[in-house]
Amino acid sequence: MNAIAIHLEWVLIPTFSTMTGYTDKAVRRKIEEGIWIEGKHYRRAPDGRITMNVPEYYRWVEQK
C-alpha cells in the first residue's frame, strides 16, 4: 500500500481540533488569553476565519 504525505501548515479550527484533541472552545480560549499569538500560532484568513499554524503549535508543545 502506498502512503501519501501531506504537509499542512495552516488549518481551520475544526481540523486543528481533530488533529490535537483541543476543543474549539479551548482553542479560542488560548487565543483570547494571549497564549497563542496572532501571526505566529494563528491568523485570520481574508474571510475572517481563524487558521492555526500546525508547525508552530508543535514548537509550542515542545518548549520547556
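Arg59 is partly exposed, with a relative accessible area of 47%; partly exposed lies between buried (under 20% relative accessible area) and exposed (over 50%), with a 1.4 Å probe and protein chains only. The structure is a predicted model, in which local features need pLDDT of at least 70 and side-chain atom pairs count only at pLDDT 80 or more, while totals for chains, interfaces and linings use all residues. Residues are numbered from 1 along each chain as its sequence is written, and side-chain values use heavy atoms, with hydrogens and water left out.

A salt bridge, defined as a side-chain nitrogen of Lys or Arg within 4 Å of a carboxyl oxygen of Asp or Glu, joins Arg59 to Glu56 at 3.0 Å, N to O. Glu56 is buried, at 15% relative accessibility. Both residues belong to helix α3 (residues 54-62), where they are three residues apart, about one helical turn; helices are DSSP runs of H or I of at least four residues, strands are runs of E of at least two, and both are numbered from the N terminus.

The count of salt bridges comes to two. Asp24 pairs with Arg28, and their closest N and O atoms are 2.7 Å apart. These residues lie four residues apart in helix α2 (residues 24-32), about one turn of the helix. Asp24 is partly exposed at 33% relative accessible area, and Arg28 is partly exposed at 36%.

Ile4 is exposed, with a relative accessible area of 74%, and lies in the segment before β1 (10-12).
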